Amino acid sequence: MTPVKPMSYPLMEKVVALCRRRGFIFQSSEIYGGINAVYDYGPLGVELKRNVKDLWWRNMVTARENILGMDAAILMHPKVWEASGHVDNFHDPMVECQKCHRRYRWDQLPGETSTCPECQGELGKPRQFNLMFKTFLGSTEEGAQEIYLRPETAQGIFVNFDNVVSSNRVKLPFGIAQLGKAFRNEITTGNFIFRTREFEQMEMEFFVRPGENAQWLEYWVHERLNWFKLLGISPQKLRLRAHTKDELAHYSQACYDVEYEFPFGFSELEGIADRGTYDLTQHMALSGKKLYYIDQEARGEKIVPAVVETSAGVDRTVLTLLTDSYWEDKENDRIVLRFHPAVAPIKVAIFPLFNKAGMPNVARKLYDDIHFKFPAFYDDGGSIGKRYRRQDEAGTPFCITIDHQTLEDRTVTLRDRDSLEQIRISLNQVDSVLTDKLESLIQRNK
Ligand code: ATP
């Protein structure tokens, strides 16, 4: 849980400053003073985020025969949120300061707090605050229907259960996965992109025979923890935490969080929950539609499958990658994002040592040859040392420099971001050397 009043953490401040300086992440609508707890991803940030989403999709959907993908709309029928329990239960207890009108999550204030931590004013009575954003569907506000922006992507999967099952040949156990935006009007926000009001989720609902939930929960907990390790995140900073009985939703038998040790403490990256048959049963009750799996092997027996859910945050994963990879290499006077090559926004940078003697031509040609295959960056501005430093801060694992010797023997230097080792390889080996170095690492992500 994040603290009420965000404290300052030196590492967080450095990461936020680097994100701005290098164009990873900006405050939304900054030129108008910004909007609280909403962020925009810049050129490097969008690539980093896309890599996270692609690697998740590849691991969860492409590499698995029994998981299908889908992409539901953000706007859904309001009944969906009645059935899911969000209208009645998606509340946080909120208190408001009578003097400065700041609002706090009651359960995040230290016990017995009765005065505002900011202005020492008197706090009002706690009341329930629903976290769903409302909007209007229809052309005039008067005649329009009030609907919600989805607070999670999962319900788009449950309401499409029958559509997916009847249009595909699936057999239990099987999963349906999707990723996309979700919106929550969080009372307390902070810690940069850890808790925002607009964010992205990567969710998968795994449908199993009732009674097999516990074993599948065990399976998915380990698969998901392992995925974060495959992204190169320090294993000693990742842990699993089982929910205590009083943390569990009433329909849930068990739930685990994958947590990462951020500068502000261990906090949730992903929840993996046994949801039983709750969601499908609820949607059957409210929609009147049959949401069964017909078991052909058991003479057409109708089953309401139980569900194990994996629900991860894209933005929290991005924040983890940024803080975990941040390294001040004092010895070499540089800041480095030691990203795993699979997540690095740029895989290779190409530099002519000087803007003369034909070096730019060779460097351009190399860039043109490879940038469809490897996200690449061409840079001929400033000293070579400055160009290397910029790529270190962007987390680019490899830099290639075209120098005098290239013009004589068609070899180039390949610099490794972490070890700073430079090797000479021939121009026509660049593709295969990079393929080997990058693909072998990315393959592990299967
Ligand atoms: P928390 O306890 O931190 O509020 P939660 O238990 O409400 O999280 P879930 O409903 O389980 O979160 O959502 C699944 C995942 O979605 C979380 O693990 C997190 O990665 C992401 N997520 C949820 N709320 C936010 C948010 N406000 N900002 C960014 N990511 C979020």
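**Close-up views of the ligand site and backbone exceptions**

**View 1. Strands around the ligand.** Strands β10 (198-208), β13 (265-276) and β16 (306-313) each contribute at least two residues to the shell around the ligand; strands are DSSP runs of E of at least two residues and helices runs of H or I of at least four, numbered from the N terminus. The model is predicted: local features require pLDDT of at least 70 and side-chain atom pairs pLDDT 80 or more, whereas totals for chains, interfaces and linings use all residues. Residues are numbered from 1 along each chain as its sequence is written, and side-chain values use heavy atoms, without hydrogens and water.

View 2. A backbone N or O atom of threonine 196 lies 2.8 Å from a ligand nitrogen atom.

**View 3. Cis peptide bond.** Leucine 172 and proline 173 are joined by a cis peptide bond with omega of about -5 degrees. Proline 173 is placed in the loop between α6 (161-167) and β9 (174-183).

**View 4. Positive phi values.** Alanine 37, in the loop between β1 (25-27) and β2 (39-41), has a phi near 65 degrees. Alanine 37 is buried, with a relative accessible area of 6% (buried: under 20%, 1.4 Å probe, protein chains only). Arginine 410 has a positive phi of about 60 degrees and lies in the loop between α12 (404-409) and β22 (411-416).

Terms used
Buried < 20%, exposed > 50% of the residue type's maximum accessible area, 1.4 Å probe, protein only. Polar contact = N/O pair within 3.5 Å; in protein donor to acceptor, adjacent residues only side chain to side chain.
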